[in-house]
Amino acid sequence: MNHNAAQPPLRIRDLLPFVVMCIGMFMALLDIQIVASSLQDIGGGLSAAQDQISWVQTAYLIAEIVMIPLSGWLTRVFSTKWLFTISAAGFTLMSLLCGLAWNIESMIVFRALQGLLGASMIPTVFTSSFHYFQGTRRVYSAAVIGTIASVAPTLGPVVGGWITDTLNWHWLFYINLLPGLIVTISIPLLVDIDKPDFSLLKGADYPGIGLLAIALGSLEYVLEEGARWNWFDDATIRTLALTAGVAGVYL
């Protein structure tokens, strides 16, 4: 049987929202490495101590790794359309605030919020591809998403270094503003996959969500900062590794 023959023709109204969502995902993934390549410049610009600089990266990753597993439930609560819109809007606003940060403490807070708000754009694209594409086309959409997931972090250091040398570190964040605005405005107009269900907020497993956040947040810190502090020779690393293990078991 020829599966391709049974498939309806690909429509622009299916392709366009997927493309716009992929742009959001690309931004969120690119931002991990684009900033990592210029941490010293950011630290110098904000007069940060050496041990504070890495938190610009670590705060983003901890927030992102906590939010990604919650995205499925949040999609059912707010709907794909509005979760992605809130995520894109929050990511764009925090990008602006990161560029305007006045000291290292404000930068770390804005970076954590940027990771927290922008994280949902990554897994939501995967699930949305099953709505917009049928049959063998799902294989192609998965390939596109996989390519973006591979290319964005790879491009990050190159693009980040070029922006910092050509302009300055503030533009590492300002370049998100235009595509972020386009995604934020386009998603409510283009995406219509499911409806919000706020009743899910009543019976949610909030202790489980808290344990998930503690387990993944602690584990991410251990993995990200462990090498710098000589792993289990450091009391904080030991404590957080134990915390991650206990919270994971209870979860």
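Buried here means under 20% relative accessible area, exposed means over 50%, and partly exposed is in between, with a 1.4 Å probe and protein chains only. Take C22 as a case: at 7% relative accessibility, C22 counts as buried. C98 is buried too, with a relative accessible area of 0%. Now disulfides, meaning pairs of cysteine sulfur atoms within 2.5 Å. A search of the whole structure finds zero of them.

A word on the source. This is a predicted model, in which local features need pLDDT of at least 70, side-chain atom pairs count only at pLDDT 80 or more, and totals for chains, interfaces and linings use all residues. Residues are numbered from 1 along each chain as its sequence is written, and side-chain values use heavy atoms, with hydrogens and water left out.

Next, confidence. pLDDT is the predictor's confidence in each residue, from 0 to 100. The protein averages 83, and 94% of the residues score at least 70. I'll name helices as we go; they are DSSP runs of H or I, at least four residues, numbered from the N terminus. Over residues 1-5 the pLDDT is below 50. That stretch has one contact in the model beyond near neighbours in sequence, where contact means heavy atoms within 4.5 Å.

On to the core. A nonpolar core is a set of buried Ala, Val, Leu, Ile, Met, Phe, Trp, Tyr and Cys residues, joined through side-chain atoms within 4.5 Å. The largest one has 44 residues. Which members touch the most others? They are I42, M107, V125 and F173. Helix α2 (residues 12-36) gives the most to this core: twelve residues. Look at F173. Leaving aside neighbours within four places in sequence, F173 is in contact with V35, I42, S95, C98, G99, M107, R111 and Q114. Apart from this core lies another, of six residues, including L70, L74, L83 and A119.

L74 takes us to helix α6. Its buried residues are S71, L74, T75 and V77. Why are they on the same side of α6? Because they cover an arc of only 165° around the axis, taken from the directions from the helix axis to the C-beta atoms. What covers them includes α5 (55-67), α7 and α9 (121-132). S79 has a positive phi of about 85°, although it is not a glycine. S79 is also buried, with a relative accessible area of 2%.

Last, aromatics. Rings of Phe, Tyr and Trp (its six-membered ring) pair if their centres lie within 6.5 Å; planes under 30 degrees apart count as stacked, over 60 as edge-to-face, and the rest as tilted. The count comes to six pairs. One is F78 with F198: edge-to-face, 5.9 Å centre to centre, 75° between the planes. This pair links distant parts of the chain, 120 residues apart. F78 sits in helix α6 (residues 71-78), and F198 in the loop between α12 (177-190) and α13 (206-225). F78 is partly exposed at 27% relative accessibility, and F198 is partly exposed at 48%. Another is W102 with F110, edge-to-face, 5.8 Å centre to centre, 75° between the planes. Buried or exposed: what is W102? W102 is exposed, at 62%. F110 is buried, at 12%.

How values were computed:
Helix = DSSP H or I, 4+ residues; strand = E, 2+ residues; numbered from the N terminus.
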